[in-house]
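Please look through the sequence and the structure shown below before reading on.

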Amino acid sequence: MLLLSGIGPKDELEEKKISVVLHNKFVGKGMADNPMNTIFVPFKRPVQQSLIQTVGITKMGVYIEASSGFGQSKDSIQCHHGMMSAEIGQLSTIPPKKRTPEAIQAYIKRKKDIPHEAFKGGFILEKIANPISTGQLRLISTNVEDNPSVTFNYFKHPRDLQRCVDGIRMATKMVQSEHFRNFTQCDKQTTDKILNMSVSANVNLVPKHTNDTKSLEQFCKDTVITIWHYHGGCHVGKVVNRDYKVLGVNRLRIVDGSVFDESPGTNPQATVMMMGRYMGLKILRDRLGKAAGV
C-alpha cells in the first residue's frame with residue numbers, strides 16, 4: 001500500500017510510473033518468513049486429527065511441532081494436505097515467475113499418485129525461529145488487486161540451513177524413539193524411506209532431487225514450506241518510528257506484522273491483535289484524554 005501510494009524506493013516507483021511522494025529505500029526490504037520443513041510419519045492405524053497442540057522450543061533456534069489426521073481416507077489424501085498444501089499458500093517457496101496456474105495444476109495431478117499409506121499418520125514439523133535470511137517485496141503492477149512479488153530467500157544464510165538440518169535430525173530421532181516405534185516401528189532404514197517419501201510427496205512446487213536423505217541440506221531446500229508468519233518490510237527506525245508513524249509523513253501509521261524484526265513465538269496472530277488494540281487505545285487516549293473513556 002505504501003508503494004502504491006508513492007512511498008518507497010524512488011527508482012522502483014518511477015519504474016512503475018508512480019508519482020514519488022517520499023523516497024524511502026527501506027520500504028519492502030528486509031522481509032522474512034520462518035521456513036518450515038516436515039517429515040511424514042505413517043502410523044499403523046488412522047490417528048485423530050490435530051493441529052499443533054504442543055510445541056517443543058529448542059536451544060538451537062528451532063521449534064518442533066506436529067499435526068496429524070489428514071490421511072484418514074483416500075479422498076482426504078487427494079483433496080488436501082491441510083496446512084501443507086501448495087494450493088493454499090506454498091507458492092511462496094518458488095521464484096515469482098514460476099508461480100503459475102499450470103504449476104498448481106501439475107502439482108495437484110502428481111499428488112493423486114501419493115501412496116495412501118504415506119499419510120496414515122501425520123507430520124512432524126520443524127520451524128526456524130528468527131531467520132537470518134531476508135528478501136523483499138516489489139510491485140508487479142499498479143493495480144491494487146494484483147499480488148506483489150515477494151521473495152524470502154529461504155536458507156540463503158548458511159546458519160538458517162544448518163538449523164534446518166539440526167531440526168530434521170531431531171525430528172528423525174523422535175521418530176526412532178521408543179514412543180513412536182510403538183505406533184510406527186520405524187528403524188533406521190524405515191526412517192530413510194520416510195524422508196525420501198516426504199520429498200516425493202510434493203508438499204511444495206520446488207523441483208526435487210532423488211535420494212535427498214544423502215544430503216539433509218538438499219532435503220531442507222527441496223521440502224521447505226511456509227507457515228505464513230511473514231514479517232518485515234516496514235521496520236521500526238527505517239520506515240516507521242517507535243509509535244509506528246510513517247517517517248516523513250503526517251497522520252499515517254502502520255500497525256501490523258510488517259514492522260516486526262522477528263515473528264514472535266510460534267504464532268504471531270495474538271501479538272498482532274494485541275498490538276492493534278493497544279495502538280487503537282493509545283490513539284484515542286492521546287487525542288481525547290479522559291474523555292476517551294478507555
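## The second largest pocket

In this predicted model, strand S7 gives five residues to the lining of the second largest pocket, which is the largest share of that lining. Strand S7 covers residues 62-68, and both this strand and strand S8, which covers residues 122-128, supply at least two residues each to the lining. The space within the second largest pocket comes to about 460 Å³, and of the 20 residues that line the pocket, Ser50, Ala66, Ser67, Ser68 and Phe180 are the closest to its centre.

By class, the lining of the second largest pocket is made up of 11 nonpolar residues, eight polar residues and one charged residue.

## The largest cavity and Glu12

Two cavities of 30 Å³ or more are found in the structure, and the largest cavity has a volume of about 60 Å³. The residues that line the largest cavity are Leu3, Glu12, Leu13, Lys16, Ile18, Arg138 and Leu139; four of the lining residues are nonpolar and three are charged, while none is polar.

Glu12, one of the residues in the lining of the largest cavity, belongs to helix H1, which is formed by residues 10-15. Because its relative accessible area is 11%, Glu12 counts as buried, the cut-off for that class being under 20%. The side chain of Glu12 is joined to the side chain of Arg138 by a polar contact of 3.1 Å, and Arg138 is also part of the lining of the largest cavity. When residues up to four places away in sequence are not counted, Glu12 touches Lys29, Gln136, Leu137 and Arg138.

His229 is placed in the loop that runs between strand S11 (225-226) and strand S12 (231-233). Although His229 lies in a loop, its relative accessible area is 4%, and therefore His229 is buried.

Which side chain makes a polar contact with the side chain of His229? The partner is the side chain of Lys127, at 3.3 Å. Once neighbours within four places in sequence are left aside, the residues in contact with His229 are Ala32, Asp33, Asn34, Lys127, Ser263, Thr266, Asn267 and Pro268.

The phi angle of Asn153 is near 55 degrees, which is a positive value in a residue other than glycine. For Phe155, phi is near 65 degrees, again a positive value in a residue other than glycine.

Are these residues buried or partly exposed? Asn153 has a relative accessibility of 29% and so counts as partly exposed, whereas Phe155, with a relative accessibility of 8%, counts as buried.

## The chain as a whole

The chain has eight helices and 12 strands, and 45% of its 294 residues count as buried.

Key
Residues are numbered from 1 along each chain as its sequence is written. This is a predicted model: local features need pLDDT of at least 70, side-chain atom pairs count only at pLDDT 80 or more; totals for chains, interfaces and linings use all residues. Side-chain values use heavy atoms; hydrogens and water are left out. On a 1 Å grid over the protein atoms alone, a cavity is a set of points where a 1.4 Å probe fits but cannot get out, and a pocket is an open set with protein on both sides within 12 Å along at least five of seven lines; lining residues have an atom within 4 Å of a point. Grid points are joined across faces, edges and corners, and a volume is the space filled by probe spheres set on the points. Helices (H or I, at least four residues) and strands (E, at least two) are DSSP runs, numbered from the N terminus. Ala, Val, Leu, Ile, Met, Phe, Trp, Tyr, Cys and Pro count as nonpolar, Asp, Glu, Lys and Arg as charged, and the others, Gly among them, as polar. Buried means under 20% relative accessible area, exposed over 50%, partly exposed in between (1.4 Å probe, protein chains only). A polar contact is a pair of N or O atoms within 3.5 Å; within protein, one must be able to donate a hydrogen and the other to accept it, and residues adjacent in sequence count only if both atoms are side-chain atoms. Contact means heavy atoms within 4.5 Å.
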